[in-house]
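Please view the sequence and the model together while reading.

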Amino acid sequence: MKGPKNAAIASKKLVITETNKKRKADLNSSKKEKASKKNSAGPKRPASAFFVFMEDFRKSYKENFPDNKSVAAVTKAGGEKWKSMPDSEKAPYVAKAGKRKEEYEIALAAFNKNLVIPFHLHIW
């Protein structure tokens, strides 16, 4: 026999599942609120050293394998190459990423300095 043996247990399970649904809904709404606070007009975060490397790697991979259309294959090959590279070969990409990060921090500071808070967001 499946299910609870009496109605009291069944109603408790129903209440528990309803409260769990409410909690999940509250969590989802709070995640959306956090995501919406980010200002989309601000400067974009800079790429890490790996993604700077992948910019160059994609070009060379496309030249060597022009018939390959799989993004996953390119990414997998790039990740394997990045892992096998010594730090001395990664250094130029790390330097480029560092330079981009410095430029981003300058742009972000300028953006935050000139940021105008919309009227409806003022705290009175």
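E55 counts as partly exposed, at 32% relative accessibility, where partly exposed is the range between buried (under 20% relative accessible area) and exposed (over 50%), computed with a 1.4 Å probe on protein chains only. The model is a predicted one, in which local features need pLDDT of at least 70 and side-chain atom pairs count only at pLDDT 80 or more, while totals for chains, interfaces and linings use all residues. Residues are numbered from 1 along each chain as its sequence is written, and side-chain values use heavy atoms, with hydrogens and water left out.

The structure holds two salt bridges, a term that requires a side-chain nitrogen of Lys or Arg within 4 Å of a carboxyl oxygen of Asp or Glu. In one of them the side chains of E55 and R100 meet at 3.1 Å, N to O; E55 lies in helix α2 (residues 49–64) and R100 in helix α4, so this pair ties together parts that are 45 residues apart in sequence. Helices here are DSSP runs of H or I with at least four residues, numbered from the N terminus. R100, at 30% relative accessibility, is partly exposed.

D56 and K96 also meet in a salt bridge, at 3.8 Å from N to O, and because D56 lies in helix α2 and K96 in helix α4, the pair ties together parts that are 40 residues apart in sequence. Both residues count as partly exposed, D56 at 29% relative accessibility and K96 at 40%.

## A buried lysine without a partner

K90 lies in helix α4, which spans residues 87–113. K90 is buried yet has no salt bridge, and the nearest side chain of opposite charge, D87, is 4.5 Å away; Lys and Arg count as positive and Asp and Glu as negative, whereas His and the chain ends are not counted. Leaving aside neighbours within four places in sequence, K90 is in contact (heavy atoms within 4.5 Å) with W82 and M85.

## Aromatic pairs

The structure holds nine aromatic pairs, meaning rings of Phe, Tyr and Trp (its six-membered ring) whose centres lie within 6.5 Å, with planes under 30 degrees apart called stacked, over 60 edge-to-face and the rest tilted. The rings of F50 and F53 have their centres 6.4 Å apart and their planes at 40°, so the pair is tilted. F50 is partly exposed at 23% relative accessibility, whereas F53 is buried at 2%.

W82 and Y93 form an edge-to-face pair, 6.3 Å centre to centre with 65° between the planes. W82 lies in helix α3 (residues 71–84) and Y93 in helix α4, so the pair ties together parts that are 11 residues apart in sequence. Ring pairs link F50, F51, F53, F57, Y61, F65, W82 and Y93 into a cluster.

Technical notes: Helix = DSSP H or I, 4+ residues; strand = E, 2+ residues; numbered from the N terminus.
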